[in-house]
Amino acid sequence: FPSRYSIKPNITTLAVDTLILDSFGNASTSWNKLFVSAYENCQIETWGLSDSIFDCGDVGTFNIIASVRDKAGNEGFDTIAITVLDTLAPWRIEVMPLIDAYLDNSGNFDIRTVNVVLQALDNCIKDTIFSKTIFTCSDLDTNWVYVSILDVAGNTVTDSMRVVIHDTTLPVAIASPDTLYLLPNGSVSTTAAVIGSKSFDNCGIKTMTIDNANFFCTDAGKLRRIILTVTDNKGNIHKDTTQVLILDTVKPVLVMFNPVLQLDATGKAKLTISQVDKGSYDNCTILKRELSDTVFDCTKVGINVVTFKVTDVNGNISTSTFNVTIEDNIDPDLTVQNTTVLIDTSGKAYLKSSMVVVTISDNCGTDTILLSKDVFDLTNLGDNNVNVTLKEDESFDFKLPSLLSSFVSCFFFEPIVDCKHW
């Protein structure tokens with residue numbers, strides 16, 4: 001049999017208890033309220049509750065433990081279901097009637113960052129509720145906001161206020177540098193959208209303008225300043241400055257003749273720009289025109305390939321080749337004389353060009369003097385008609401040869417026999 005000192009106490013308590021929070025948010029219970037009875041073969045020494053004081057954080061139903069202990073150290077327990085209620089509704093909230101709020105750089109304002117509640121009266125406030133917490137660019141100007149306090153039992157009380165949203169944040173103007181290339185018409189333009197493409201604003205940009213948009217040949221090779229002005233939807237303005245580099249990379253356009261030149265009396269021909277340039281042009285200004293060859297002589301008779309080079313004021317260069325045809329249309333000048341040759345003992349007479357040619361001249365010189373007949377015999381006694389032909393250098397293109405006639409009289413050596421009866 002067990003010892004009487006090992007028997008645990010038997011305790012009986014109320015199974016449930018309901019507590020109402022007071023105006024300070026507190027509630028409590030006691031052993032005397034919850035205890036019903038206890039059986040113990042020895043004397044009970046101590047008794048108590050695991051929890052007896054409650055506040056707003058305890059609203060709801062939960063269990064506590066009632067316990068007793070006898071002098072032998074034996075313990076008895078019982079469980080009690082405690083329900084804590086908050087039956088007092090919030091009875092007052094007062095908020096600021098008006099606040100001026102300013103959107104941040106992201107275009108937002110959170111009303112929870114401002115303590116707008118002036119007074120809130122409730123024994124167990126759980127939360128403050130706003131009808132709207134985040135304001136953006138679409139909320140500019142006046143907004144009505146309702147602020148409520150919520151207690152742990154779900155009870156609320158509400159007040160209203162005006163929230164005026166302002167946007168005083170300046171736009172961020174970013175003027176980007178650029179390089180602009182002159183067009184064939186000698187001008188180039190840019191826009192604010194290009195220069196200010198990286199600009200931004202928390203509530204949107206309304207307009208962007210630049211003070212200088214058009215550039216011309218006088219700007220080529222130079223940096224030009226541009227001022228960008230950015231205005232947002234609330235009229236806030238910000239400016240930035242940049243530079244653009246103007247370049248001319250358009251080459252001159254060549255328009256050329258293929259000239260034909262005549263050698264002069266000295267055997268020279270000179271080529272000028274005006275004989276070649278048919279109206280070459282540039283988007284800006286032509287600085288200089290150059291020819292690879294300008295002077296031609298008798299060795300250049302025929303077709304010659306020449307290079308035409310045009311440079312504009314910005315260093316752009318165009319080159320092209322064209323044909324120059326050199327012609328020699330000046331006939332040689334030839335003077336001849338009649339002469340007499342003697343038939344020698346062999347029955348022959350020989351005529352040399354030096355015997356009939358008095359003078360000879362040509363702008364390009366000659367190579368050959370041709371005689372239609374230069375050997376005579378007894379059958380040629382008397383006067384003979386000889387054609388003297390002047391032929392230009394065979395390295396040239398031939399022209400019609402110069403031709404003159406000379407009378408040649410033939411005689412024997414002594415004993416003289418006259419070739420012709422006079």
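Colleague: Is Cys284 buried or exposed?

Modeller: This is a predicted model, and the label rests on relative accessible area, with buried meaning under 20%. Cys284 has a value of 17%, so Cys284 counts as buried. Cys217, at 25% relative accessibility, is partly exposed.

Colleague: What joins Cys217 to Cys284?

Modeller: A disulfide does, with an S to S distance of 2.0 Å. The torsion about that S-S bond is about -90°, so the link is left-handed.

Colleague: Which parts of the chain does the pair Cys137 and Cys203 link?

Modeller: Start with the bond: the sulfur atoms of Cys137 and Cys203 are 1.8 Å apart in a disulfide. Its torsion is about -85°, so this disulfide is left-handed. The two cysteines lie in distant parts of the chain, 66 residues apart: Cys137 in the loop between β14 (134-135) and β15 (141-151), and Cys203 in the loop between α2 (192-195) and β19. Cys137 is partly exposed at 22% relative accessibility, whereas Cys203 is buried at 13%.

Colleague: Where do Cys298 and Cys364 lie?

Modeller: A disulfide joins them, S to S 1.9 Å, and with -85° about the S-S bond the link of Cys298 and Cys364 is left-handed. Cys298 is in the loop between β26 (295-297) and β27 (302-312), and Cys364 is in the loop between β32 (357-361) and β33 (366-371), so the pair ties together parts 66 residues apart in sequence. Both Cys298 and Cys364 are buried.

Colleague: Now the sheet. What is the order of the four strands in the open sheet?

Modeller: In general, strands of a sheet pair through backbone hydrogen bonds, either parallel or antiparallel. Here the order is β17-β22-β21-β19, and the pairing is mixed. The edge strands, β17 (178-181) and β19 (205-210), each pair on one side only. From one strand to the next the twist averages 30°.

Colleague: In which sense do β19 and β21 pair?

Modeller: β19 runs antiparallel to β21 (residues 223-232), with five bridges between them. As a place to look, Thr207 stands opposite Thr231 in β21.

Key. Residues numbered from 1 in each chain as written. Predicted model: local features only at pLDDT ≥ 70, side-chain atom pairs only at ≥ 80, totals over all residues. Heavy atoms only, no water. Pairing = 2+ DSSP bridges. Axes fitted to C-alpha atoms, helices over the stretch in contact; angles between N-to-C directions. Disulfide = S-S within 2.5 Å. Buried < 20%, exposed > 50% of the residue type's maximum accessible area, 1.4 Å probe, protein only.
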